[in-house]
Amino acid sequence: MLEGLLIGLGTALSLHNMMFLLVGCFAGTVIGMLPGLGPMSAIALMIPIASTLDPAAGLIMMAAVYYGAIFGGSTSSILINAPGVASTVATSFDGYPMARQGKAGKALAIAAGASFAGGIIAALLLVLAAPALATVSLSFQSTDYFALMVLGLASVAAFAGSGGILKALLMTTVGLMLATVGSDQTQGIPRFTLGMIDLVDGISFLLLVMATFALSEALMAIVKPDRETGLAQERKASQNLGSMSVTRDELADIAPAVGRASILGFLVGLLPGAGATIASFLAYGSEQRIARPDQRRRFGHGSVRGLAAPEAANNAAATGSFVPLLTLGIPGSGTTAIMLGALIAYGIQPGPMLYINEPGVFWSVIVSMWIGNAVLLMLNLPLIPYVARVLTIPSQILLPLILLFSLTGVYLVTFNTFDIQMMVIFAAAAVIFRLLEFPLAPMILGFILGGMIEENLRRALLIYDNSWSFLWERPLTLGILCITIFVLIAPLLRAIRTR
Amino acid sequence: MKPTASKLGPLTSKDRLGALLLLAFCSAYGLLSQDIVLLPGNQNTAFHARTMPTFLTALGITLSLLLLLFPTTHAAHGLRGINWLKLVLFMLLMSLFGLAIRPLGFILATTAFLLISFALLAERSYLRLLVIPLAVAVGFWAIMELLLGVYLHPLPAFMSGIN
């Protein structure tokens with residue numbers, strides 16, 4: 001492990017990779033700060049640049065964009081009560097009241113510090129957990145991978161929120177359907193190409209991600225202008241941040257909460273589908289429950305613990321979600337699904353063999369998390385008052401620029417104008433489903449895992465001589481499928497019991 | 001009296017409208033899946049090119065019908081306060097950008113795209129309308145061409161001397 005860490009340090013600390021880490025942190029923070037644009041949009045926007053880099057540099061940059069965007073999202077939560085992403089909603093519960101009390105600077109400093117601590121603690125746990133899990137997963141067969149992927153999809157749907165499971169499952173199915181467009185993987189039979197040669201290679205993952213997140217988000221702001229009111233508010237708030245210093249008493253109050261929230265966040269992040277949102281709410285709820293009555297009353301009115309706990313938890317969960325991605329090749333969230341797509345584009349198949357075949361990539365991503373979190377703290381905190389000024393760009397200028405960068409980002413990868421037309425169609429559909437409040441992340445996860453699920457199922461059937469008996473004969477597969485059924489049934493039972 | 005969302009009937013709820021759209025999509029997907037040509041002998045195997053699409057069609061239609069019958073919310077869809085004209089115009093503009101990027105060249109197509117977008121979003125400063133699109137287009141092209149070595153036709157073919 002020490003050898004691996006040294007390899008990672010050597011790779012991550014090279015001047016070339018450090019530069020992309022800085023760029024990633026900075027770009028992620030700026031993009032994540034814009035209301036509505038979360039880590040998924042941020043990573044999607046950076047993929048065209050990352051695709052021109054070597055795998056280690058590209059992944060380091062995308063990981064940096066990821067936690068940079070989470071930090072940036074916290075900023076809009078604190079300053080204007082407009083969380084860019086669901087995982088920073090809990091941050092706004094106490095962060096925004098602090099900002100209204102003239103303590104925006106302090107709230108931002110606490111958020112940055114807690115994120116840093118959460119990220120560092122989780123990265124430490126990742127170092128311990130990832131190699132162990134990678135070793136265990138070497139014994140996995142196609143049947144187990146098939147079951148694990150089904151569990152991953154089911155978990156994302158199950159954690160979609162109250163009443164959203166059916167919609168999330170439906171969108172996952174749509175993603176799986178889109179993944180079948182193009183030539184069949186083994187026999188090369190064209191499917192759903194409508195006679196168009198441009199569809200023979202299937203739908204590009206970058207195209208779909210850009211259209212459903214970056215492009216549709218900008219279009220939503222254009223067609224529903226009330227979403228932009230946040231920008232105007234943020235402009236005012238960003239001009240008066242107040243002091244950033246944190247007292248010793250406040251530090252003593254925060255430290256244990258951050259420790260607990262980081263561990264909780266990491267463990268939640270390990271679960272496929274749970275992710276940063278659940279982690280931040282769980283951390284906030286548990287801190288509120290164990291707080292002394294006088295402290296509990298301050299929750300929701302500017303409690304420093306109430307701010308620090310979800311911040312530490314969401315960053316720790318973001319780090320934890322890399323464990324299933326790096327060791328099993330199964331993304332636990334929409335964001336890590338995009339990262340998986342990028343890895344595959346590099347010709348790297350994540351999974352236990354990544355740890356063995358590409359130790360440089362594996363360990364440099366882990367080490368970059370430590371360095372990236374330190375960079376976020378040292379670079380971004382002093383720069384926040386200046387970075388926040390990006391929001392002073394008028395929306396009539398900013399939104400067309402986002403549209404342009406999304407379109408050209410995809411065009412520059414393939415130089416195929418057909419892709420731009422496809423993006424327009426997918427973006428229109430995404431806008432409609434956003435307006436109808438259907439979740440889009442499960443669709444992306446379904447799309448990414450679709451090909452792999454089909455391939456593993458085909459292999460499993462080949463191994464078991466065209467018999468479906470592997471579903472109940474192999475204990476590990478059966479166990480995972482039982483968990484999947486439980487994950488799907490539990491929310492339904494809860495809903496019935498509530499009624 | 002103005003009709004409320006609930007008086008328009010349950011089919012106009014967010015969930016049901018979405019379920020109907022996806023039901024149509026899944027049905028079309030199912031119909032198209034029947035066009036997948038199988039290799040000789042494939043029909044008798046447990047898994048072939050049509051297996052996954054057939055399963056997904058059944059799953060998609062089942063889930064759509066379940067959502068149609070048991071919507072999680074009866075809230076009216078929020079499609080009314082939307083500026084549909086702007087959405088259509090931007091769709092057209094993006095599509096035209098795609099069609100124009102080769103014949104017009106990157107700089108002209110990008111400048112035109114940004115200029116029209118700014119104008120559609122009510123930017124009225126002539127300085128911004130003209131300077132920013134041109135600066136962004138030239139700057140972006142220069143970064144691609146000079147820094148990253150990605151070649152983009154900057155101008156129309158007849159102006160670049162390309163036939």
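Chain B is divided into domain 1 (6–69) and domain 2 (84–160), with bounds that come from an automatic or database domain assignment. The centres of domain 1 of chain B and domain 2 of chain B, taken over C-alpha atoms, are separated by 39 Å. This is a predicted model, in which local features need pLDDT of at least 70 and side-chain atom pairs count only at pLDDT 80 or more, while totals for chains, interfaces and linings use all residues. Residues are numbered from 1 along each chain as its sequence is written, and chains are lettered from A and ligands numbered from 1 in the order in which they are written.

### The two chains in outline

Chain A contains 23 helices and two strands, whereas chain B contains six helices and zero strands; here helices (H or I, at least four residues) and strands (E, at least two) are DSSP runs, numbered from the N terminus. Read from the N terminus on, the elements of chain B run α-α-α-α-α-α.

The table sets out the burial and the contacts of each chain. A residue is buried if 20 or more other C-beta atoms lie within 10 Å of its own, exposed if 12 or fewer, and partly exposed in between, with C-beta atoms placed from the backbone. Two residues are in contact if their C-beta atoms, placed from the backbone in the same way, lie within 7 Å.

### Where chain B touches chain A

Between the chains, 56 residues of chain B are in contact with 47 residues of chain A. On the side of chain B that touches chain A, the elements that give two or more residues are helix 1 (14–33), helix 2 (51–69), helix 3 (84–100), helix 4 (106–120) and helix 5 (126–147) of chain B. By class, this side of chain B has 36 nonpolar, 14 polar and six charged residues, where Ala, Val, Leu, Ile, Met, Phe, Trp, Tyr, Cys and Pro count as nonpolar, Asp, Glu, Lys and Arg as charged, and the others, Gly among them, as polar.

One helix pair shows the contact in detail. Helix 8 (residues 165–179) of chain A and helix 2 of chain B pack with their axes 9 Å apart and at an angle of about 155°; axes are lines fitted to C-alpha atoms, for helices over the stretch in contact, and angles run from 0 to 180 degrees between N-to-C directions. Helix 8 of chain A and helix 2 of chain B are therefore roughly antiparallel to each other, since angles under 35 degrees count as roughly parallel, over 145 as roughly antiparallel, 65 to 115 as roughly perpendicular and the rest as oblique. In this pair, residues of helix 8 of chain A including Leu166(A), Leu170(A) and Met177(A) meet residues of helix 2 of chain B, among them Leu56(B), Gly60(B) and Leu67(B). The residues of this contact of helix 8 of chain A with helix 2 of chain B divide into 10 nonpolar, three polar and one charged.

### An enclosed helix in chain A

Helix 3 (residues 39–50) of chain A has 10 of its 12 residues buried, so it is largely enclosed by the rest of the structure. Among the buried residues of helix 3 of chain A are Ser41(A), Ala42(A), Leu45(A) and Met46(A). The axes of helix 3 of chain A and helix 16 (residues 334–345) of chain A come within 9 Å and cross at roughly 10°, which makes helix 3 of chain A roughly parallel to helix 16 of chain A. The contact is made by residues including Met40(A), Ile43(A) and Ile47(A) of helix 3 of chain A and Gly334(A), Ile338(A) and Met339(A) of helix 16 of chain A. The residues of this contact divide into nine nonpolar, two polar and no charged.

Val304(A) lies in helix 14 (residues 304–320) of chain A and counts as buried because it has 25 C-beta neighbours inside 10 Å. Val304(A) and Asp253(A) are 51 residues apart in sequence and 7.8 Å apart in space, C-alpha to C-alpha.

Phe192(A), which is not a glycine, has a positive phi of about 55°; its place is in the loop between strand 2 (190–191) and helix 9 (205–223) of chain A. Asp465(A), also not a glycine, has a positive phi of about 55°, and its place is in the loop between helix 21 (441–463) and helix 22 (470–473) of chain A. Phe192(A) counts as buried, with 20 C-beta neighbours inside 10 Å, whereas Asp465(A) counts as exposed, with 8 C-beta neighbours inside 10 Å.
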